[in-house]
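Good morning, colleagues. Please look at the sequence and the structure as they come up on the screen, and keep them in view while I speak.

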Amino acid sequence: MKTDESDGHATLWYAVTAGVLVTLAAAVRFGHLGATLFEDEVWVANLLRDGDYAPHTYNTPPLFYYLGRIWTKVRGFSDVALREPAAFFGVALCALPFAAPRPRLTRILWSLLLAFSSPLLFYSTRLKQYTIEAFVITLLIVVFLHALERDRARLWIAFFAIAIAAVMLLHSPVFIVAAAGAVAVVKVRRPWIAAGFLAAGAAFVVAWVAYMAPGPKSVVLHGDMEQWFTETGRWIDSPASLLRNSVHWLGQAFNMTRFWWLVLPVLMLWWIVRKRPWIELALALLPVLAVVAASMLHRYPYGEVRLMIFCFPALYLLAAEAIAEASRRVPLVLLVVAPFLFNGVARDTYNATYMRLDDLRTILDTIAAAHRPGEPVYADLSHAAPLHYYLPQIRPDLRAVTVAAPAGAGWYVQHASRFTAPQTGLRMRIGDTVAVRVP
């Protein structure tokens with residue numbers, strides 16, 4: 001029989017574990033904000049500084065942009081300051097599971113998966129919108145689960161208020177709101193609940209027509225992303241492309257941990273058969289199917305299958321429930337999280353296998369000190385953006401071009417895997433970035 005004393009000890013250990021998890025999440029995120037901005041971040045930084053954000057120019061969702069504008073007025077435009085909002089939302093994302101109406105072990109595991117997911121870690125230290133999207137998705141899931149279980153008007157009102165704001169100011173929440181609506185149609189059969197979901201859908205349509213949909217100016221500023229996705233083969237156009245893209249984003253979700261592909265599907269299938277968690281299944285699967293449909297229709301950004309980071313929260317909840325239930329029978333099952341944690345933190349798996357970005361501070365300092373006016377700098381597109389951003393003095397000499405080998409005197413900043421560097425002259429290499437000065 002459980003005593004008050006034993007329950008008190010369990011509560012204490014739960015509180016300590018939650019505090020340690022959130023603290024570690026904060027330490028990992030705020031300790032890695034100083035690397036040089038990469039190409040996409042440079043675009044956002046310039047937009048925050050002096051960009052025109054008229055309707056129908058939104059590649060970056062409005063909420064992310066406006067929060068960034070407010071933050072830079074307070075903190076300035078240093079690399080660390082620009083990334084701090086993403087880090088704050090990354091830490092808050094890890095804290096949200098502790099408010100979920102789920103058993104303590106499930107909450108701890110859900111938080112752990114969110115805290116040490118390599119893609120979520122990466123974007124929590126970058127000037128990108130994905131962390132705030134994942135935070136809002138998780139918030140919607142937590143409030144929706146409370147509303148379903150307790151069925152109180154104020155919880156439903158809170159959910160719809162967050163949902164309406166989210167679909168008007170961010171890109172991905174429309175998917176989780178639609179999935180929640182499908183669940184509510186089956187579980188809660190009251191007209192005013194259905195009206196709330198219809199209101200959220202109408203708000204999304206209004207926002208899309210009024211300012212969110214890409215327009216001619218968006219194409220001028222950012223290029224035709226739908227055409228670029230077509231040219232690079234990133235749409236779902238065949239069963240093979242569906243498998244290729246799905247394996248890619250699922251691999252990212254589980255930190256490219258091969259061990260998990262052997263163990264986790266068995267655990268999750270056992271959990272699904274045993275408990276039939278239809279709510280979690282719907283929240284995890286319906287958004288994925290909606291993204292696949294949008295990809296087949298070539299709709300950017302909603303069909304960007306390879307960056308379905310907003311699908312992680314529900315997927316991780318399903319995984320956390322399966323691991324928690326199995327560990328109650330066999331405690332050693334909890335060890336399955338060990339390779340996930342190692343790959344997410346120690347190996348920096350997402351950057352190592354997908355983004356492949358390097359901190360260019362040493363190279364930038366060297367070029368700034370040694371470059372002579374009129375000396376050409378040949379940099380591929382991904383390196384030309386940070387060079388242009390950090391070294392305004394070399395802009396007249398900067399050539400945005402990818403080359404396989406030097407074609408004359410000057411500086412070359414290229415991806416080492418695609419560039420044959422000479423053995424003479426000044427040479428630097430950081431990760432996959434090589435900088436060479438040919439005399």
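Helix α7 passes helix α8 in a left-handed crossing. The model is a predicted one, and in it the axes of α7, residues 130–150, and α8, residues 153–169, come within 9 Å and cross at roughly 155 degrees. Angles over 145 degrees count as roughly antiparallel. The crossing angle therefore makes α7 roughly antiparallel to α8.

Which residues make this contact? On the α7 side they are Val136, Leu139, Leu140, Val143, Phe144, His146, Ala147, Leu148 and Arg150. On the α8 side they are Arg154, Leu155, Trp156, Ala158, Phe159, Ile162, Ala163 and Ala166. By class, the contact of α7 with α8 comprises 14 nonpolar residues, one polar residue and two charged residues.

The axes of α5, residues 104–115, and α17, residues 337–345, come within 10 Å and cross at roughly 25 degrees. That angle makes α5 roughly parallel to α17. The crossing of α5 and α17 is again described by its hand, which is left-handed. Here Leu109, Leu112 and Leu113 of α5 meet Val337, Phe340 and Leu341 of α17. The contact of α5 with α17 has six nonpolar residues, with no polar and no charged residues.

Is their crossing left-handed or right-handed? The crossing of α3 and α4 is right-handed. From α3, the residues Leu67, Trp71, Thr72 and Arg75 take part, and they meet Ala81, Leu82, Glu84, Pro85, Phe88 and Phe89 of α4. Divided by class, the contact of α3 with α4 has seven nonpolar residues, one polar residue and two charged residues.

How many cavities of 30 Å³ or more does a search of the whole structure find? The search finds three.

About 110 Å³ of space lies in the second largest cavity. Its lining consists of 15 residues, and Phe64, Leu82, Pro85, Ala86 and Lys128 lie nearest its centre. α4 gives the most, with five residues. The lining of the second largest cavity divides into nine nonpolar, three polar and three charged residues.

The largest cavity has a volume of about 200 Å³. It is lined by 16 residues, and those closest to its centre are Tyr130, His171, Pro301, Leu307 and Phe310. The lining of the largest cavity comprises ten nonpolar, four polar and two charged residues.

Pro301 deserves a remark on its backbone. A cis peptide bond joins Tyr300 and Pro301, with omega at about 0 degrees. Where is Pro301 found? Pro301 is located in the loop between α15, residues 278–296, and α16, residues 312–329.

Another backbone feature concerns Met256. Met256 has a positive phi of about 50 degrees, although it is not a glycine. Met256 is placed in the loop between α13, residues 239–253, and α14, residues 258–275.

Finally, I come to the largest pocket. About 1200 Å³ of space lies in this pocket. Its lining is made up of 40 residues, of which Phe38, Glu39, Asp40, Trp228 and Met355 lie nearest the centre. Which elements give two or more residues to the lining? They are α2, residues 39–50; α11, residues 216–222; α12, residues 225–232; α18, residues 349–355; and α20, residues 381–390. The largest share comes from α20, with five residues. By class, the lining of the largest pocket has 19 nonpolar, ten polar and eleven charged residues.

With that I conclude my presentation. Thank you for your attention.

Definitions and conventions
Residues are numbered from 1 along each chain as its sequence is written. This is a predicted model: local features need pLDDT of at least 70, side-chain atom pairs count only at pLDDT 80 or more; totals for chains, interfaces and linings use all residues. Side-chain values use heavy atoms; hydrogens and water are left out. On a 1 Å grid over the protein atoms alone, a cavity is a set of points where a 1.4 Å probe fits but cannot get out, and a pocket is an open set with protein on both sides within 12 Å along at least five of seven lines; lining residues have an atom within 4 Å of a point. Grid points are joined across faces, edges and corners, and a volume is the space filled by probe spheres set on the points. Helices (H or I, at least four residues) and strands (E, at least two) are DSSP runs, numbered from the N terminus. Ala, Val, Leu, Ile, Met, Phe, Trp, Tyr, Cys and Pro count as nonpolar, Asp, Glu, Lys and Arg as charged, and the others, Gly among them, as polar. Axes are lines fitted to C-alpha atoms, for helices over the stretch in contact, and angles run from 0 to 180 degrees between N-to-C directions. Angles under 35 degrees count as roughly parallel, over 145 as roughly antiparallel, 65 to 115 as roughly perpendicular and the rest as oblique. A crossing is left-handed if the near helix is turned anticlockwise from the far one by less than a right angle, and right-handed if clockwise. Contact means heavy atoms within 4.5 Å.
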